Amino acid sequence: MRKFVGIVLFAVLLIPIASHAGEVPKMDFDRFETYLHKKNDTTYVINFWATWCKPCVKEMPVFETVYEKYRNQKVKIILVSLDLPNQLESKVIPFIKKRNLKPEVLLLDDPDANAWINKVDPRWSGAIPATVVYNHKQDFRKFHEGKITLKELETYLNQN
Amino acid sequence: MLIAVLIVAAFMANAGGGYDVGDKASDFKLKNIDGTWVSLSDYDDAKGFIVIFTCNHCPYSKAYEERIIDINNEYEDKGYPVIAINPNDPDLYPEDSFENMKKRAEEKGFTFPYLFDAKQEVYPKYGAKRTPHVFLLDKKQDGDLIVEYIGAIDDNYSDASKVEKTYVTDAVDALLKGKKPETTHTKAIGCTIKHK
């Protein structure tokens with residue numbers, strides 16, 4: 001019995017470690033759009049990036065820091081990769097593993113960007129990185145194109 | 001009072017930086033990969049220009065190289081040549097240096113000028129935000145170059161065979177028929193333009 005509990009406990013502990021690097025869901029914009037409009041009291045930080053985008057990779061520590069610092073608060077970070085879908089296995093997953101990247105990652109696979117960029121934010125030119133911060137309950141929404149600093153992101157987080 | 005309002009309005013129109021459709025585009029003089037200096041006024045016979053801000057390193061730019069060559073091959077003879085401009089600061093991206101531009105153009109067999117915005121003065125004037133970013137200019141009877149389309153090349157960067165909307169060539173085709181392009185603005189994901 002004790003052995004069984006031990007195995008279950010071990011398995012439960014293993015799940016959160018294995019969950020990110022192993023599974024990066026690919027989705028089109030229709031499916032992704034729900035992430036932009038979660039109607040609860042959590043603050044969502046949604047960052048559009050790609051492994052080949054140098055400024056995106058450079059700003060990654062900002063999201064890693066915020067992830068650690070706010071992990072006990074209602075703050076959720078979602079890293080939306082715009083890498084080519086066929087580079088998920090060869091580029092995105094190795095990047096996540098190598099960095100031990102903790103926040104949730106998904107791959108937005110929807111090449112007709114003209115159809116959805118304005119739905120993310122009309123101010124977005126389409127250049128990455130770009131970040132949306134919102135909290136439905138607080139009626140708070142910010143859009144930031146280009147690299148974001150930890151200070152800027154925390155200002156947004158502390159505004160609501 | 002009226003003048004003040006007009007000045008404010010003119011200022012506000014430019015507040016975001018860059019051109020909108022209908023604006024008059026200015027000429028430039030930039031160095032081409034063959035060492036010559038290129039201005040739009042050099043092209044007496046052109047009916048307009050497909051100005052594309054692009055670069056070497058950006059995967060979205062790379063994905064479009066073949067298509068840009070195809071567009072130039074089809075539309076240069078019809079009076080709308082492609083003018084490619086690299087707006088990036090090579091100190092930040094050595095792959096986008098002038099030497100590497102020459103190499104890339106040779107490897108890929110560019111059939112159009114590939115100019116270097118070394119002082120980074122042209123792209124902000126146009127309002128290019130990413131690579132690739134297209135500004136279609138139409139030469140009017142008085143010689144003015146008017147912006148007729150701003151945006152993406154087509155609706156599928158990742159797979160040329162799955163393209164459904166060929167935004168740029170549709171816009172040029174409209175101009176060739178003496179019409180206004182139906183779609184005048186599109187957006188696309190792209191690499192930010194690198195500046196210090």
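I began with chain A, where strand β2 (residues 43–49) and strand β3 (residues 75–81) pair in the parallel sense over 7 bridges. Strands here are DSSP runs (E, at least two residues) and helices are DSSP runs (H or I, at least four), numbered from the N terminus; two strands pair if DSSP finds at least two bridges between them. I noted that A:N47 stands opposite A:L79 in β3(A).

I recorded the basis of the entries: this is a predicted model, in which local features need pLDDT of at least 70 and side-chain atom pairs count only at pLDDT 80 or more, while totals for chains, interfaces and linings use all residues. Residues are numbered from 1 along each chain as its sequence is written, and chains are lettered from A and ligands numbered from 1 in the order in which they are written.

*Sheet of chain A.* I traced an open sheet of 6 strands with mixed pairing, in the order β1-β4-β3-β2-β6-β7. At its edges stand β1 (26–27) and β7 (140–145) of chain A, each with a single partner strand, so one side of each has no neighbour in the sheet.

*A:L150.* I located A:L150 in helix α6 (residues 150–158) of chain A. A:L150 has 14 C-beta neighbours inside 10 Å and therefore counts as partly exposed; with C-beta atoms placed from the backbone, 20 or more others within 10 Å make a residue buried, 12 or fewer exposed, and values in between partly exposed. Not counting residues up to four places away in sequence, A:L150 touches A:V62 and A:T65, contact being C-beta atoms, placed from the backbone, within 7 Å. I also found the C-alpha atoms of A:L150 and A:V66 separated by 7.8 Å, although these residues are 84 apart along the chain.

*Chain B overall.* I counted 5 helices and 9 strands, running α-β-β-β-α-β-α-β-α-β-β-β-α-β from the N terminus. The C-alpha trace spans about 55 × 40 × 30 Å along its principal axes. Of the 196 residues of chain B, 41% count as buried. Among contacts between residues at least 6 apart in sequence, 72% join residues at least 24 apart.

*Strand β7 of chain B.* In this strand (residues 133–139), 6 of the 7 residues are buried, so the rest of the structure largely encloses it. I found β7(B) paired in the antiparallel sense with strand β3 (residues 48–53) of chain B over 6 bridges, and B:V134 is the bridge partner of B:I52. Strand β8 (residues 145–151) of chain B also pairs with β7(B) in the antiparallel sense, over 6 bridges; here B:V134 stands opposite B:G151. The hairpin of β7(B) and β8(B) has 5 residues between the strands, and B:G143 takes a positive phi near 95° in it.

*B:V168.* Leaving aside neighbours within four places in sequence, I listed its contacts as B:I50, B:I71, B:V134, B:L136, B:Y149 and B:I153.

*Contact between the chains.* I found 16 residues of chain A in contact with 16 residues of chain B. On the side of chain A that touches chain B, α5 (117–120) and β5 (127–128) each supply at least two residues. I saw β5(A) run parallel to strand β9 (residues 190–192) of chain B, joined to it by 2 bridges; A:A127 has B:G190 as its bridge partner.

Key:
Contact = placed C-beta atoms within 7 Å.
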